[in-house]
Amino acid sequence: MPEASLDLLMQMVQKVLDAQRESREDIREIKSRLGRLETDVASLHVFLAEQSIRLDRFSDRLERVERRLEIADA
């Protein structure tokens, strides 16, 4: 009887170890995907900052044109 219990215990331990291994693999994949998301979000921030700078320059240019044409609000 003790032999059967030991075999059963070993099977249970093996299942736990297998589940742990799968969890580690899942966590590795999640970390990798999260890293890519962080990189993409950072790229979006850079893109938005660049667009903001371009819009500011465009606004400045438009104001100069309006002043030259004397159509700017005083």
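Predicted model: local features only at pLDDT ≥ 70, side-chain atom pairs only at ≥ 80, totals over all residues.
Modeller: Residues are numbered from 1 along each chain as its sequence is written, and side-chain values use heavy atoms, with hydrogens and water left out.

Colleague: What makes the contact of Arg-21 and Asp-18 a salt bridge?

Modeller: A salt bridge requires a side-chain nitrogen of Lys or Arg within 4 Å of a carboxyl oxygen of Asp or Glu. The N to O distance for Arg-21 and Asp-18 is 2.8 Å, so the pair meets the definition.

Colleague: How do you know that Arg-33 and Glu-29 form a salt bridge?

Modeller: Their closest N and O atoms are 3.9 Å apart, which is within 4 Å, and therefore the term applies. By this rule the count comes to 2 salt bridges.

Colleague: Why is Arg-21 called partly exposed?

Modeller: Buried means under 20% relative accessible area and exposed over 50%, with partly exposed in between (1.4 Å probe, protein chains only). Arg-21 has a relative accessible area of 43%, so it is partly exposed.

Colleague: Why does Asp-18 count as partly exposed?

Modeller: Asp-18 has a relative accessible area of 28%, and therefore it is partly exposed.

Colleague: What is the relative accessibility of Arg-33, and why does it count as partly exposed?

Modeller: The value for Arg-33 is 48%, so this residue counts as partly exposed.
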